[in-house]
Structures are given as C-alpha cells and as structure tokens.
Amino acid sequence: MTKANLPARISLWRKIVDKLMTILVLIAVVLAIVPLILILGDVFMKGAPALSIGFLTNVPTAQNISGGGIGPAIQGSFIMVGLGALISVPIGVGAGIFFSEWSTSKLSTISGFMNDVLTGFPTMVLGLFVFILIVLTTKEYSAFAGGVALSLIMTPIIARTTSESLKLVPTSLREASMALGIPRWKTVLRIVLSTGKNGLLTGVLLAVARAMGETAPLLFTAATSVIFAKSLFLPTASLTIYIYNYAISGAPSLVTQAWGAALLLILVLLALNLLVKLTIGRNSSKARMEM
Amino acid sequence: MQFRIRGDTILKILLIAAALFIIGIVVALAAELYKGAAASIFKFGPAFLIGSKWKVNKNEFGALPFIYGTLLTSAIAIVIGFPISLGVAIFISEKLKSHRSFGYVLGIIVDLLAAVPSVVYGLWGVFVLIPLLRTYAQTPLHHYLGFIPLFSGNPNLGSDFFTAGIVLAIMIIPTMSAVSRDVLNAVPNSQREAMYSLGATDWEVTQKSVLPYARSGIFGGFILGLGRAFGETMAVTMLIGNIPTITANLFSPGYTLSSLIANEFGGSSGLYESSILEIALILFAVALLVNVLARLLLWRMNRGIQIKF
C-alpha cells in the first residue's frame, strides 16, 4: 500500500498546526535557556574584575577605601552551612530511612507528606520561626541561629532524596539478609544504607547547595558582621547577605564587589549541582524535583 | 535474641523520632506564628485581610496591598512561566524521545536555573534586567498598548510589578518544567501508540492523548510553581519597589507579603511586630494550602496512592 492510499490522509491544516506547535515548543526552550545564559554571562563578566586573593581573604572596608573583601562572609557561610548539615544529616537520613523502610506505617505517610510540604515552604517564614525560637531567647543574632534556620531547609531535602534512593535498593537484598538471620537494624544500616549511599550523598550535596544560596532565612537569624566570626553566638556574615546589602547600597564600588561575591557563589553552586547531576545523581530523578 | 530485639527497637525509636521531628517543625511553626500574631489578630480581626492601610505611626495595619502584590506578581510569573515550562517539558519528553541523552542534558541546563540563588536573581534584575525590560518591553508595550490599564503607567520606573513578575517567571520555570517532564515521561507509550495508529500527527498525540493523561501531575507542578512564586523573597524585594499599592497598572511599584517581612520585621515591636507576624501567618497558611494541594496531586499521580478528596 502506498502512502496515498491510506484512508486517513493528513490534511494540510493539521500539518500546519503540527509544525506551528513544534515551533512554539522550540521557542519555549529558547526562552527558558536565554535567561540562564544572560545571568551566567553577566555574573562572569561583572564579577571577574572584582576577584583576587585579597578579595577572598580580607575583611570588608568602607566604600571609599579599596582592598575590601569577603573573607568573613565566606567563613560565615561555611560555618552556617556546616552547622546546618551537622543538624540536618542525622535527622534527614533517619527520617528518609523511616519513609522508605517503614513505608506502610501511617506515621511514615503523614511525616513524608509533611516533609514534601516543608520543601516548598517560604524560607522567609522559616527564618522568622527560628528568630522567635532562638534569637528572642539568646537575645543575640548568631551563627547558631542561622545554622538552625538552614537545617530546617536542608532536612526535608535530605530526607526525601534518602528515601527515594533507598527505595531503589532491590527488596531481594533485604530478604537475603533477613534470611541469613541478620537483624533488621543491621540489614538497614549495613546492607540498605551502603547500597543506597550514592543517593544519600546526592541529597546532602543538593541540600548544601540549596542552603549556600539562601538569604531570607539568615536575615533575622545570623544578621551580618564585618569581622571574622569568633563565636557561634555572635552575629555572623554570609555571602548571600553580603551580596544583598552591597547590591542595594547604591555605591558603584560596593556593587562591583557584590558581583564578585555573586560570581564566587555561582561557581560553587554550579560545581555542586553539576557534580550531582552528571555523576552520582544520574539515577535519582527525584532529587531533581525536590530542588 | 535479646540483643536483636533491642537493636531493632533502638533503631526504630530513633527513626520515629526523626519522622516526628519533621511533623513537629510544621506544628511548632504554626503555633509560634499564631502566638506572635495573636495581638494583631485580636485587634483587627478579619478586617486585617481587607485593610489597605499600613501606617506604622498610627498603629493601623492591613494586609490587602501585600496580598495583592503577591497575587499579582505570581500571576504574571505563571502566565509567562507556565507555557514556557510546559513547552520545555513537551520538547524534552516528546520531541526528544529518540534522543534521550540530549534531552537529559537539556533538562540539566534548565534545572540549573534553580541553582542560581534568589539574591543573584535580584542583583541581576536590578542592574541588567530593569534597563533591558525598560527599553525592549515596557516602553514598546506602553507605546502600542498603553490604552489597556495594565500598560498605562510610566514605563520608566523600573522597580515594579512587571519586572518582579518576569524574574519570578524565570525562577519558577525549573520547578514547573522538571515536574511536568517527569510526569510526561511517566505516560505509558501505549497511550501514544494508540493515537498514532489512528493517523494522528505528533501534536495531536501530545494534545489529545499525552497531556490529558498527565494533566493532574502537570497541574501539581503548576501549583508547586505557584507556591514558589508566593514565597519567594529576596529577588522580589530587590525589584518590586516596596511601596504598598493596589492598582491594575503593572508598571507601578508594589509590595508583597514576603518582602514586607524582609524589609520591616527587623526593628519592629509591639502591634507593628505582631502585624508582620500575622502577615507571615497568612503566607504560612497560603503556602500550606498550595503545597498540600500540589503534593496530593503529585502523590496520586506518581505513587498510585489513593487519596480521596
């Protein structure tokens, strides 16, 4: 049978609509990618002139004095993200194991649902919550409060990626282990966790990347500082708040420094994200969703 | 034997504690915000939601301009961002069906938009996007479509609903397109093949067979994007002008719930502080509602868990 004999010939109009939609979909792809190229391009071009060793290690200076840097901001960001990870990794991994290994329990369903809801929560509100809980009690903005606020953002991400990656571990492995008489806790910790550890690492890296870029939850918890942090219980600088303050300062020399800090931040975040996406995260498509 | 039982019990208790912790955060969050907002709730009652005055020195507070700003900027973001996200998802899952790895790379590139921090979007918005939009979007729109109230205002201000909405659109594209992409990828091929066997074109297959099958998941992604737009703080704060305004004119400065908190919570006290906490409570309630709805839709779609509405 030749094509012309087919009973349902595709009319010209239907062909035109089909081509038109293909073009529209292509335009959508272009529209989604162009902003990314523009943003990355601008951050690289405007940020690169600001970068130098001194910029990375010095303390900030007043706007008309040169040689100011982002040393305290880098230090503060690392302290608070580290603290956030210290709190959120055990809780997130624990909850994730529970979601995947006890998936039939009612608590697991409810908590898993709350966890997903929490990932989409306005981070500004989480910051206020930590302000009420900690800053009002200690009467001081602090790296500790900032770290706790970040941990609230990191925990649900880690919990979800952990549970999704553990669900990929074949049930037969668990059964084999149980059949050998190995107790369940040992099966979970030695067999299931070690098989799913790549997914776990993905979750932690994604959570770290997410926390690094957060500003709103730090505004009323860590606030800011122009000196290197000496205590966890004093106001602490961070890269994101530094960028925010300098961006709205209106002083050209400070704005240039804001671009420099933005470039550094973007480089770290792109590296983390690409590491996750291109290597270990390839199998956990859920990780992508929860960002 | 004794040891085995103890190990299992200890592990289970620890895991349950972690799971309870997550529920605890949400509950404590609601309780603390309510406690902080109580003074304002008792003083203004439901009128707070429709009050349009925000006068700190007269102790008069109303949330309407901020609710309006949040809704309007999110609406702009959705109108622009949703079709683009859906287009990207259709391109990756339908057009690149036979080029999986290319689709995967394109997906990663679009996902990278989510890796850019909010404050960097704000920085970029202030110094790059505002002048760009002024020249290539706002001025022409005002010139040719100025008779429509939406575009009637002065196009040269820069910090306005329009700019904030555009940046929000860019920020929610990765969320919405990633969810839609996963959902479209989950549509069984038999669904497409049946349509092709009837002689349909590519678009007809997508439109009549794939999209209807995936609609609840796509809607879930849509709501999730909306939730992100509602809660987004830094970029909007840097771009919207921060003046409480209710107007149909998109080229006017405005204010949103989250940017009010970011700008005014520090240094507030008494009824002023309580009113800001009530704003946070509104944001919390809306975020809870939106996220619960989105998750119910996505859970039903992805996991086959039957949840009755």
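Modeller: Let's start with contact: two residues have it if their C-beta atoms, placed from the backbone, lie within 7 Å. What you see above is a predicted model, where local features need pLDDT of at least 70, side-chain atom pairs count only at pLDDT 80 or more, and totals for chains, interfaces and linings use all residues. As for labels, residues are numbered from 1 along each chain as its sequence is written, while chains are lettered from A and ligands numbered from 1 in the order in which they are written.

Biologist: What is the mean pLDDT of chain B?

Modeller: That score is the predictor's confidence in each residue, from 0 to 100. Chain B has a mean pLDDT of 91, with 95% of its residues at 70 or more. Look out for residues 304–309 of chain B, though: pLDDT is below 50 there, and the stretch has five contacts in the model beyond near neighbours in sequence. For the complex, the predictor gives an ipTM of 0.91 and a pTM of 0.91.

Biologist: How many helices and strands does chain A have?

Modeller: Chain A has 13 helices and zero strands, so its pattern along the sequence is simply one α after another. Its C-alpha atoms fill a box of roughly 80 × 65 × 35 Å along the principal axes. Look at the contacts in chain A with a separation of 6 or more: 76% of them join residues 24 or more positions apart.

Biologist: And where do the chains meet? Which helix of chain B gives the most to the side that touches chain A?

Modeller: Count the residues in contact across the boundary: 74 of chain B against 77 of chain A. On chain B's side, helix α1 (residues 2–44) gives the most, with 17 residues.

Biologist: How much of chain A counts as buried?

Modeller: Count the other C-beta atoms within 10 Å of a residue's own, placed from the backbone: 20 or more is buried, 12 or fewer exposed, in between partly exposed. In chain A, 53% of the 291 residues are buried. Helix α11 (residues 239–247) of chain A is mostly covered, with eight of its nine residues buried, including A:Tyr242 and A:Ile243. What covers them includes α3 (71–101), α10 (216–219) and α12 (252–278) of chain A, plus α5 (118–145) and α9 (234–239) of chain B.

Biologist: Which residues of α10(B) are buried?

Modeller: They are B:Leu257, B:Ser258, B:Ser259, B:Leu260, B:Ile261 and B:Ala262. That is six of the eight residues of helix α10 (residues 257–264) of chain B, so the helix is largely enclosed by the rest of the structure.

Biologist: Why does A:Gly69 count as buried?

Modeller: Because A:Gly69 has 21 C-beta neighbours inside 10 Å. This glycine sits in the loop between α2 (53–57) and α3 of chain A. Leaving out residues up to four places away in sequence, A:Gly69 touches residues including A:Gly54, A:Phe55 and A:Pro60.

Biologist: How many residues has the largest nonpolar core?

Modeller: Such a core joins buried Ala, Val, Leu, Ile, Met, Phe, Trp, Tyr and Cys residues through C-beta atoms within 7 Å. The largest one here has 181 residues, and those with the most contacts inside it include A:Ile243, B:Ile261 and B:Ala280. Helix α6 (residues 161–185) of chain B gives the most to this core, with 16 residues.

Conventions. Helix = DSSP H or I, 4+ residues; strand = E, 2+ residues; numbered from the N terminus.
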